[in-house]
Amino acid sequence: MSSIAHDPTHGHEHDHHAHHPSGVMRWITTTNHKDIGSLYLWFSFIMFLAGGVMALTIRAELFQPGLQIVQPEFFNQLTTMHGLVMVFGAIMPAFVGFANWQIPLMIGAPDMAFARMNNWSFWLLPVAAILLMGSFLAPGGASAAGWTLYAPLSVQMGMGMDMLIFAVHIMGASSIMGAINIVTTILNMRAPGMTLMKMPLFCWTWLITAYLLIAVMPVLAGAVTMLLTDRHFGTSFFNAAGGGDPVLYQHVFWFFGHPEVYIMILPAFGIVSQIIPTFSRKPLFGYASMVYATSSIAILSFIVWAHHMFTTGMPAAGQLFFMYATMLIAVPTGVKVFNWVATMWKGSMTFETPMLFAVGFIFVFTMGGFTGLICAITPIDIQIQDTYYVVAHFHYVLVAGSLFAIFAGTYYWLPKWTGHMYDEGLGRLHFWASIIFFNITFFPMHFLGLAGMPRRIPDYALQFADFNAIATVGAFGFGLSQLIFLAAVLKCVKGGQRRPQRSGTVRTDSSGPCPRQRPTIPSKLHRLSSKRCWLTGGPPWTGDQTSAPR
Amino acid sequence: MSDGDDTPQRAGFLSTVRAVLWSFAGVRKRRDYNQDASSLNPVHVIIAGIFAAVVFVLSIVLVVRFVVSQ
Ligand code: HEM
Ligand SMILES: [Cu+2]
């Protein structure tokens, strides 16, 4: 029995039996959740590099005061596109890639519920990306309205703005389909005995994220559609001269936008909650609390959106409401941090690369959470809104939060995906270079913001020069460090050391990767093999370890 | 938080609301959680969750009105 489940050659034979198209058609027509997961992950890495090049151009321009490298108009296009590419092209698809790879394995499902729709959700993304990147070539260039696309600026831009609107529509459709797929898979396709409250936490965080996506992506689509009709079809939703209100745009956008930031962090919480217990050799402290905290974060994330709008002239009562609500939402977030720390407490910890990134995540994400609280205090935010302080805040939560979790998860599951161990030395180098350069880049931005440097400007007053120079040096260091990541991943994909037998931590008694395709009918064998796959990718105590076949 | 209730089969209105309220703080004792897991009805939990969110919003509104009226 175990030889059938383990033998990698058998897995290959199985593939050949199934008559899959080969070469590029394999990837275009694939309905296999692992193939699609890999596609998502590679897509997001390419977009990460594209967004990174834009960021480095921005930082190069800001190295010194004055205008040296790009025109101000192009600079504004770069900040806009950097934000959009990173949010919709890099972070979100990466998490969907993790979901595709891991969720069916973790819950023992043969594949995603809607395998063809899964293919469609992925292949919409390159189309959207081409529209997005192509808008740089449109007359007037790409949109320069900022990633938030505030009216009235976004009503005035050229054709690049229309391309962007359609790209957002397409990416939204892709996200909604992906979310429906994940919800259906988790609710309907769990292996017998896998109750909801036994699921690995990553599945829980994605289940809740998927509901958030279904709830708010249509709101974003509505917002950009209103922009489109204002631009071309004579409506005046956001045009005061026609009886509309530009602030309405901000309300609609942030009603999407704040849940969106949780869409980008909850799966990261899930990944970290898988990794911390493994490398602490203890079960996750407070599993149920984590599930409850995630759900309440999701609910509360809908009632805080106007903390992005404190300077739009709200009545004092509104300011107080959103300030109190925002500060209360930090409670369940704090509970999560305490749970991770309690999990590590007195554990026999080791610090392999995934754990380094996970611990780095906790440390640096917490700093981002605290600056968020500071931004939430209305009188302070009125001072620092639209300064580099906010830029520092959201890079602490997004880069050191979401992105570090993506790195952690990649190193953690790469051996499972490829059957090979990644190079531990490269991984550690990547971690230390990333966390050091990250802080060199973004920590000085707190000082810049407190001193009053506005965001989204190509030039600045002389007193900001030193911290900007430091930030630019750090940014180039950070950007180059990501090539280490690429090298580590390529080396692992191409071969190298076999997956190790880390007894006592992760069960690795199967020598190859999970077979590409498992039987569709849940047989006893399938249940065993998916359990093994799940065990090797998840914490060891959650399964019946003693009775698992050798 | 220990209640003397020894019959875990059917959760009443109050225990559903209590579980939801604890979830807003993000904490739950293991024993209480085990009781939840065996007795709570998911549909009731969702209804209680929406209800609690409305109550939460209204109570912040009350606090705000109290503060601005000073
Ligand atoms: C403790 C939790 C958090 C609190 C209290 C908080 C609070 C805030 C506040 C008040 C602002 C508005 C600042 C301003 O524009 O003046 C803000 C901006 C922002 N936050 Fe957070 N935040 C938290 C967590 C997060 C997380 C987890 C993410 C994403 C992973 C995130 C991403 C962002 C982004 C992207 C912006 C800037 C949006 C823009 O104007 O372009 N925040 N946050
Ligand atoms: Cu927000």
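Q: Is Thr418(A) buried, partly exposed or exposed?
A: Keep in mind that this is a predicted model. Thr418(A) sits in helix H16 of chain A. Its relative accessible area is 19%, and the cut-off for buried is under 20%, so Thr418(A) counts as buried.

Q: Which backbone nitrogen does the side chain of Thr418(A) reach?
A: A polar contact needs a pair of N or O atoms within 3.5 Å. The side chain of Thr418(A) gets to 3.1 Å from a backbone nitrogen, and that nitrogen belongs to His420(A).

Q: How far apart in space are Thr418(A) and Cys492(A), C-alpha to C-alpha?
A: Along the sequence, 74 residues separate Thr418(A) from Cys492(A).

Q: Which helix supplies the largest share of the shell around ligand 1?
A: Helices H10 (246-263), H14 (353-376) and H16 (388-418) of chain A each give at least two residues to that shell. The largest share is six residues, and it comes from H14(A).

Q: Which residue has a polar side-chain atom 2.9 Å from an oxygen atom of ligand 1?
A: Trp147(A) has a polar side-chain atom 2.8 Å from a ligand 1 oxygen. For Arg455(A), a side-chain N or O atom is also 2.8 Å from an oxygen of ligand 1. The residue at 2.9 Å is Gln385(A).

Q: How far apart are the end C-alpha atoms of helix H13 of chain A?
A: H13 covers residues 316-344, which is 29 residues. At 1.5 Å a residue it should span 42 Å. The model agrees with that, because the end C-alpha atoms are apart by 43 Å.

Conventions:
Residues are numbered from 1 along each chain as its sequence is written. Chains are lettered from A and ligands numbered from 1 in the order in which they are written. This is a predicted model: local features need pLDDT of at least 70, side-chain atom pairs count only at pLDDT 80 or more; totals for chains, interfaces and linings use all residues. Side-chain values use heavy atoms; hydrogens and water are left out. A polar contact is a pair of N or O atoms within 3.5 Å; within protein, one must be able to donate a hydrogen and the other to accept it, and residues adjacent in sequence count only if both atoms are side-chain atoms. Helices (H or I, at least four residues) and strands (E, at least two) are DSSP runs, numbered from the N terminus. The expected span of a helix is 1.5 Å times one less than its number of residues. Buried means under 20% relative accessible area, exposed over 50%, partly exposed in between (1.4 Å probe, protein chains only).
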